[in-house]
Structures are given as structure tokens and as C-alpha cells.
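This report describes a protein model, with attention to its pockets, its domains and a few backbone details. Please look over the sequence and the structure before reading on.

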Amino acid sequence: MNNGLAEKTKELFAKEFGAQPVAVAFAPGRANLIGEHVDYNDGLVLPMPIDAGTAVAWARSDDGRMHVHAADFGESDSFEPDAPTKPSEVSWRSYVRGMAAKWEGELPALKLLIMGDLPRGSGLSSSASLCIALGRAFAAATGTDIDPTSLARHAQRTEHEYAGVACGIMDQMAIAAGKPGHAMLLDCRDLSCEHFTIPDDWSVLIVDSGVTRGLVDGEYNARRQECEAAARALGVDSLRDVRMEDLEDASLPEPEARRAAHVVGEIARVREAAKALQTGDLARFGELLQDGHASLRDLFEVSHPVVDELVERLQSKVGSNGGARMTGAGFGGSVVVVLPESRAAEIAGAGNGKVLRVI
Ligand code: GLA
């Protein structure tokens, strides 16, 4: 966590609650290098944690109630720790109450001050970051040692049951188990993972398209259902078990055929990308990013014209040694660019909007 965020969170806690916090818990956001919309198909993904994230300052509350202040929204919430009800509308409160409601073991009454430095709605997983930071604060407050996988599953349940998004496990695992400066090859079927250092002469940039994702949860859940329908029609548990040849023989109806073709192709690209990363083959890595973007745009249909245009512009600047593609759920959000370290400053400064340098 950057010092500025920790200090600011402590300061605002003291202002809001009139006392110092016991500690500040933190969880980062994530960028996904490749492997999009495959986590809920038991596939492979290659995300990495980023520096920006969510901080939660905490202390015990002595009136038996949880008191929560979300500094970025200037809003508060209060509830009984053992009986948090689900808010009628999805907001930051849904995540706090969901994490508290599902917490294993008794949760004491706490005062919490939440503050983040992740741009919201830009596809960098601010909601999973909030959930994992809250989980870390609860673990510290209860003296519990919760392993990253259990914490990730707990956060995913909150997203499903309290925010109504049938998300996969990639974001929560990347945030709970990822290592700074490393890409994590995660197998979403058994949650095994390998961490790869990003080569010294590579750089990763995140460029915000300025199109914030809004009201897309319905689209997300629909894509998931289409993938599940395709798997059922093919007689398998998940699209992870399907090969491109199976799809050619099966002649699925549309849009299931396009969705399945994306998933099967994307899982293969992740395997290839992990190899290119290990061998430092940036040109190959870049090609895979470009193919991945085209597949998300044309087969999975989750991109956005503004994002497509930004990807094209960045790709033409980067050339053949590196690549650009949308990252996250889509429908707006950010573009990830992997390029030679020596060109990062030039591309970042080329007036493409808000740029975050991951490494
Ligand atoms: C969102 C979800 C993830 C994943 C991505 C798309 O970030 O939370 O589980 O499905 O979209 O890859």
C-alpha cells in the first residue's frame, strides 16, 4: 500500500471516529494480462496485482454496532455485526454487509473507515479489492489466520449473493494470492497457481478508456449462462473440457457457438502466453494479446467501440514488439498494454488519457 493512502486513511478514521485506528488493512486491485471470461468456465487466467487498491482502517466499537464510513463516497452505514441485512440496492454497503454476514466465527462490533485509490468502474476490480481488504481487517480484528483461497471464496460468495454478479474467482484469487510484480497463472478449476516474474525489460501499462462500466451485470450473467448452455449441449461439465475440433463437429446454435469458440481459444492463448512470458518472447506475447482482443470483440462481444479504438491506437504505437487489449469484464473499462520497458514512458505520455504504470 502506498504510504499516502495509509496515512490518509488513518487521518480520516481519526476525524470520523475521534480516535486512532488499531491498524490499516489493504488489498490491491488487479490487471488481467490475458484469460478473459474463462474463469467461470474452469479455465486458465494470467492476472497480476497492481499497486493501487483499498485500505480499511479499523478499531473496536463499544456500542455493539458496526460503524462504517466510505470516505470516497462520503457515506456511512451502521448495523449489528451478527445480523447484517442485505441492502435493497447494490452499493459499497452490499460488500461490507455481505463480508460481515458470511464471516466464519463471531465478528466483534467494529469501526471501519474505507478509502481507495483504484479508479472505479475501470475494470481493475475495485469490488474484489474492497472485499479482500475487509476480510483482512476482519481477520486481524478477530486474530484469525485465514488462507488466501478461503478468503477469495468468501469474497466471491459476497459478490454472488450480495451484489448479484455471478463472477468467477480470478479477481479474488489474484488479489488475495498474487505477488507484486508477478503474473499469476491460475487454474480456476483447482485453484493451483504459479507466479512468474515479469521480465526486467518488459513493462505493463493500464490505460483507462474513460468509458465506465455501468449496468452491465445483466450482460455478464448472460454470457455466463450462454457458456453453461454450450457446455450442457456438448455434454461436458465446463468449456475447459472442450477442444476446438469438438466445436467444429458440434455445430452449436448462435450465440453459444461464438461464445464457446472464444473460451476454448482463450484458454489455449493463456497457456501460450505463460510460455512466452517464461521465455521472454514479447513479440509472441503481444500477438496473443491482439488475438485475445479480437476474440473478445467479435466472438464474446464484450468490448466497446471506444475501447476498440484505443486498443488500435496503442497497438499501432507499440508495433510488433508487444500488445494491447481490453482487460476485465469489458463493456468499457481499461486497456492493458505490455511493451518494452524502454518505451513505457513514451507510450504512457502519448496523451492516451489516464495511464497507470503497473511495472
Ligand atoms: C470480472 C469478473 C471475473 C472475470 C472477468 C472477466 O472481472 O469478476 O470473475 O470473469 O470479469 O474475465
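Helices (H or I, at least four residues) and strands (E, at least two) are taken here as DSSP runs, numbered from the N terminus. The model is predicted, so local features need pLDDT of at least 70 and side-chain atom pairs count only at pLDDT 80 or more, while totals for chains, interfaces and linings use all residues. Residues are numbered from 1 along each chain as its sequence is written, and side-chain values use heavy atoms, with hydrogens and water left out.

**Overall build**

The protein has 11 helices and 11 strands, and its C-alpha atoms fill a box of roughly 65 × 50 × 35 Å along the principal axes. A compact globule of 359 residues would have a radius of gyration near 21 Å, and the 20 Å of the protein agrees with this; the radius is taken over C-alpha atoms, and the globule rule is 2.2 Å times the number of residues to the power 0.38.

The protein is divided into domain 1 (3-195) and domain 2 (198-357), with bounds that come from an automatic or database domain assignment. The C-alpha centres of the two domains lie 25 Å apart, and 36 residues of domain 1 are in contact with 44 residues of domain 2, where contact means heavy atoms within 4.5 Å.

**Pockets**

On a 1 Å grid over the protein atoms alone, a pocket is an open set of points where a 1.4 Å probe fits, with protein on both sides within 12 Å along at least five of seven lines, and lining residues have an atom within 4 Å of a point. Grid points are joined across faces, edges and corners, and a volume is the space filled by probe spheres set on the points. In the table, Ala, Val, Leu, Ile, Met, Phe, Trp, Tyr, Cys and Pro count as nonpolar, Asp, Glu, Lys and Arg as charged, and the others, Gly among them, as polar.

| Pocket | Volume | Lining | Division of the lining |
|---|---|---|---|
| Largest | about 1100 Å³ | 46 residues | 21 nonpolar, 16 polar, nine charged |

Y95, G121, S126, S127 and E159 lie nearest its centre, and helix 3 gives the most to the lining, with four residues.

**Backbone details**

Most residues other than glycine have a negative phi, and most peptide bonds are trans. The peptide bond from E254 to P255, however, is cis, with omega near 5 degrees, and P255 lies in the loop between helix 7 (244-250) and helix 8 (256-279). L191, in the loop between strand 6 (182-187) and strand 7 (193-197), has a positive phi near 60 degrees and counts as buried at 10% relative accessibility. E301, in the loop between helix 9 (282-298) and helix 10 (305-318), has a positive phi near 55 degrees and counts as partly exposed at 33%.

Notes. Buried means under 20% relative accessible area, exposed over 50%, partly exposed in between (1.4 Å probe, protein chains only).
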